[in-house]
Amino acid sequence: MRVVIDLNVLVSALIVPSGPPAAVIRMWLDGKFTLLTCARHVNELRATLHKPRIADLIEPHKAGRLVNQVGKLAVDIDPLPRVERSSDPNDDYLLAPAEAGNADYLVTGDKGGLLDLDTHKGTRIISARDFAALFA
């Protein structure tokens, strides 16, 4: 199974280590699915974790470890297609590796945007809670 995980899920996993986003990350690290990423995804993760309001909530070594894990363990998808589908153009970069990498799922907490799409070119877009339930 191939999966793209939105930054909001990755960051939430570090803030609330007992919630569904953290369960999704544990499943990835346990080898239950392959994480797909791209250079922009890793760069956005790094930048988001350095934002003061986020950095205040997460221990620096945990943030650094997650960035390193995504950078080293996830499958880097390149080249990426141009995608213009989301109501928020800043989310289109998540649809691109999902499309190019033939992802089965895109896991997000974006209730007003990506989740409303439901699917993109064969990729099902679901919440962390719904994705974690697939393994329950």
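In what order do the six strands of the open sheet lie?

## The sheet

This is a predicted model. Its six strands form an open sheet, and their order across it is β3-β2-β1-β4-β6-β5. The pairing is mixed. The edge strands, β3 (75–76) and β5 (119–120), each pair on one side only. In general, strands of a sheet pair through backbone hydrogen bonds, either parallel or antiparallel.

Helix α6 covers residues 92–100. The strands it lies across are β1, β2, β4 (105–107), β5 and β6 (123–126). Relative to β1, helix α6 runs at about 175°.

## A cis peptide bond

The peptide bond that joins D78 and P79 is cis, with omega at about 0°. P79 is found in the loop between β3 and α6.

## Positive phi angles

D118 is not a glycine, yet its phi is positive, at about 70°. D118 sits in the loop between α7 (114–117) and β5. Its relative accessibility is 45%, so D118 counts as partly exposed.

K121, also a residue other than glycine, has a positive phi near 45°. K121 belongs to the loop between β5 and β6. Is K121 buried or exposed? The cut-off for exposed is over 50% relative accessible area; K121 has 65%, and therefore K121 is exposed.

Notes
Residues are numbered from 1 along each chain as its sequence is written. This is a predicted model: local features need pLDDT of at least 70, side-chain atom pairs count only at pLDDT 80 or more; totals for chains, interfaces and linings use all residues. Side-chain values use heavy atoms; hydrogens and water are left out. Two strands pair if DSSP finds at least two bridges between them. Helices (H or I, at least four residues) and strands (E, at least two) are DSSP runs, numbered from the N terminus. Contact means heavy atoms within 4.5 Å. Axes are lines fitted to C-alpha atoms, for helices over the stretch in contact, and angles run from 0 to 180 degrees between N-to-C directions. Buried means under 20% relative accessible area, exposed over 50%, partly exposed in between (1.4 Å probe, protein chains only).
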